[in-house]
Amino acid sequence: MSEDEKPPSADPTQSAGRSCPICGKPAIPGGGAFCSKRCADIDLGRWLKDIYRVPTSEAPSDGEQGDGGEA
């Protein structure tokens with residue numbers, strides 16, 4: 001094996017044994033955790049629409065309440 005070649009287990013794009021978090025199909029190499037670009041786009045859309053949220057114990061600040069400003 002030359003210096004440029006890596007063993008298959010050292011490739012970070014390998015998704016062997018992982019399933020897509022959106023549909024459950026096997027993930028594809030180079031696709032991260034997803035089986036297709038479509039599933040990756042669905043996941044991105046969920047993040048952008050705030051469907052996924054990181055739990056926190058902090059209360060929202062005044063600017064994040066979305067009440068339209070002061071009356």
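This is a predicted model: local features need pLDDT of at least 70, side-chain atom pairs count only at pLDDT 80 or more; totals for chains, interfaces and linings use all residues.

User: Noted. How many residues does α1 have, and what's its end-to-end reach?

Analyst: α1 has 12 residues and reaches 16 Å from first C-alpha to last, close to the 16 Å expected at 1.5 Å a residue. Just after α1, D50 takes a positive phi of about 60°.

User: How many salt bridges does the structure hold?

Analyst: There is 1 salt bridge. K37 forms it with D41, and the closest N and O atoms are 3.0 Å apart.

User: Where do K37 and D41 lie?

Analyst: Both are in helix α1, 4 residues apart, which is about one turn of the helix.

User: Is K37 buried or exposed? And what about D41?

Analyst: K37 counts as exposed, because its relative accessibility is 62% and the cut-off for exposed is over 50%. D41 comes out at 39%, so it counts as partly exposed.

User: Why no salt bridge for D43?

Analyst: Side chains of opposite charge can pair when their charged atoms come close. For D43, the nearest side chain of opposite charge is R46, at 5.7 Å, whereas a salt bridge needs a nitrogen within 4 Å of a carboxyl oxygen.

User: Which residues does D43 touch, then?

Analyst: Leaving out residues up to four places away in sequence, D43 touches I22, F34 and Y52.

User: Changing topic: how many aromatic pairs turn up in the whole structure?

Analyst: The search finds 1 aromatic pair. W47 and Y52 form it, edge-to-face, with 5.0 Å centre to centre and 65° between the planes.

User: How accessible are W47 and Y52?

Analyst: W47 is partly exposed at 42% relative accessible area. Y52 is partly exposed too, with 26% relative accessibility.

User: Last one, R18. Where is R18 found, relative to α1?

Analyst: R18 is in the segment before α1, and α1 itself runs over 37-48. R18 has a relative accessible area of 45%, so it is partly exposed.

User: What is R18 in contact with?

Analyst: Setting aside neighbours within four places in sequence, R18 is in contact with K25, P26, A27, G32 and A33. The C-alpha atoms of R18 and F34 are separated by 8.7 Å, with the two residues 16 apart along the chain.

Definitions and conventions:
Residues are numbered from 1 along each chain as its sequence is written. Side-chain values use heavy atoms; hydrogens and water are left out. Helices (H or I, at least four residues) and strands (E, at least two) are DSSP runs, numbered from the N terminus. Buried means under 20% relative accessible area, exposed over 50%, partly exposed in between (1.4 Å probe, protein chains only). Contact means heavy atoms within 4.5 Å. The expected span of a helix is 1.5 Å times one less than its number of residues. Rings of Phe, Tyr and Trp (its six-membered ring) pair if their centres lie within 6.5 Å; planes under 30 degrees apart count as stacked, over 60 as edge-to-face and the rest as tilted. Lys and Arg count as positive and Asp and Glu as negative; His and the chain ends are not counted.
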